[in-house]
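Have the coordinates open and follow along.

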Amino acid sequence: LVSALSLADKSALDPALRDAFARSGTAHLLAISGFHVGVVAGALLVLLRGLGMARRRAGLAAAALVWLYEALIGFPDAACRAALILTFVSLSAMRGRPPARWGGLAGALLVLLVLDPGRISGPGFQLSFAGAAGLIAWMAPIRRRLVRLRCPKRWADAVAAGAAATLATLPVVAWQFERISIVGIPATLVA
């Protein structure tokens, strides 16, 4: 399980465990995703800043080092999307410009499609971009609504992220896998 969660190696994972993740709506936790890349990038950023590197340079160095992690795990689509967005954001920061939310996602989409146009039909590719688009489009409005309903901010962030990504990916999951999980959001929060 640790190997699957950190290095994208699912070869030793019990098929029954994989199926349990799928039925519970938490199979995305087994796929290397933007979350994993974010954790690696955040750890690298803390380390580089701790070593005295300037913020902007540390961001660019962390982005470069994330690409080494990408090479180690075999360049999965979701991780490549996140690494490209991180690279675009870091380059934007180096130039002193605020990053555009949709610009990084669109740039990553274009780069990956230029490299391999056929990947657009893959479920991992579709889920990665649908989930990221859901986060960009719907997370903030859902979070605001939850906070207005007096949901604690910490929970509002988590529920909003889960709901935004899940709602955006539901059509892809239904199309590609012919089933959906209605417990995905709460199961992800618990996991």
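Q: How many salt bridges does the structure hold?

A: Two. The term asks for a side-chain nitrogen of Lys or Arg within 4 Å of a carboxyl oxygen of Asp or Glu. Bear in mind that this is a predicted model, where local features need pLDDT of at least 70, side-chain atom pairs count only at pLDDT 80 or more, and totals for chains, interfaces and linings use all residues. Residues are numbered from 1 along each chain as its sequence is written, and side-chain values use heavy atoms, with hydrogens and water left out.

Q: What makes Asp77 and Arg119 a salt bridge?

A: Their closest N and O atoms are 2.9 Å apart, and the cut-off is within 4 Å, so the pair qualifies. The link spans distant parts of the chain: Asp77 is in helix H5, while Arg119 is in the loop between helix H6 (101-115) and H7, 42 residues apart.

Q: Why is Asp77 called buried?

A: Its relative accessible area is 17%. Buried means under 20%, exposed over 50%, and partly exposed in between, using a 1.4 Å probe and protein chains only. Arg119 gets the buried label because its relative accessibility is 16%.

Q: What makes Arg143 and Asp157 a salt bridge, and where do they sit?

A: The N to O distance is 3.2 Å, so the pair meets the distance rule. Arg143 lies in helix H7 and Asp157 in helix H8, so the bridge ties together parts 14 residues apart in sequence. Arg143, at 25% relative accessible area, is partly exposed, and so is Asp157, at 30%.

Q: How do you know that Glu70 has no salt bridge?

A: The nearest side chain of opposite charge is Arg119, and that is 8.6 Å away. The rule needs within 4 Å, so Glu70 is left without a partner. As for charge, Lys and Arg count as positive and Asp and Glu as negative, with His and the chain ends not counted.

Q: Which residues is Glu70 in contact with, leaving aside neighbours within four places in sequence?

A: Val37, Phe75, Pro76, Ala79, Cys80 and Ala83. Contact here means heavy atoms within 4.5 Å. Glu70 itself is in helix H4 (residues 55-73).

Q: Why are H3 and H4 called oblique?

A: Their axes cross at roughly 135 degrees and come within 9 Å. The axes are lines fitted to C-alpha atoms, for helices over the stretch in contact, and angles run from 0 to 180 degrees between N-to-C directions. Under 35 degrees counts as roughly parallel, over 145 as roughly antiparallel, 65 to 115 as roughly perpendicular and the rest as oblique. H3 and H4 are therefore oblique. Among the residues that meet there are Val37 and Val40 in H3, and Val66 and Glu70 in H4.

Q: Why are H4 and H5 called roughly antiparallel?

A: H4 and H5 pack at about 165 degrees, with axes 9 Å apart. H4 and H5 are therefore roughly antiparallel. The residues in this packing include Arg56 and Glu70 from H4, and Cys80 and Ala93 from H5.

Q: How far apart are Ala93 and Arg56 in sequence and in space?

A: They are 37 residues apart in sequence and 6.2 Å apart in space, C-alpha to C-alpha. Ala93 belongs to helix H5 and counts as partly exposed because its relative accessibility is 25%.

Q: What is the phi of Phe75, and where does the residue lie?

A: Phi is near 55 degrees, a positive value in a residue other than glycine. Most residues other than glycine have a negative phi. Phe75 lies in the loop between H4 and helix H5 (77-94), and at 40% relative accessibility it counts as partly exposed.

Q: Why does Arg150 count as exposed?

A: Its relative accessibility is 75%, and the threshold is over 50%. Arg150 also has a positive phi, about 70 degrees, although it is not a glycine. Its loop runs between helix H7 (123-148) and helix H8 (153-177).

Q: How many helices and strands does the chain have?

A: Nine helices and zero strands. Both are DSSP runs numbered from the N terminus: H or I of at least four residues for helices, E of at least two for strands. Of the chain's 191 residues, 30% count as buried.
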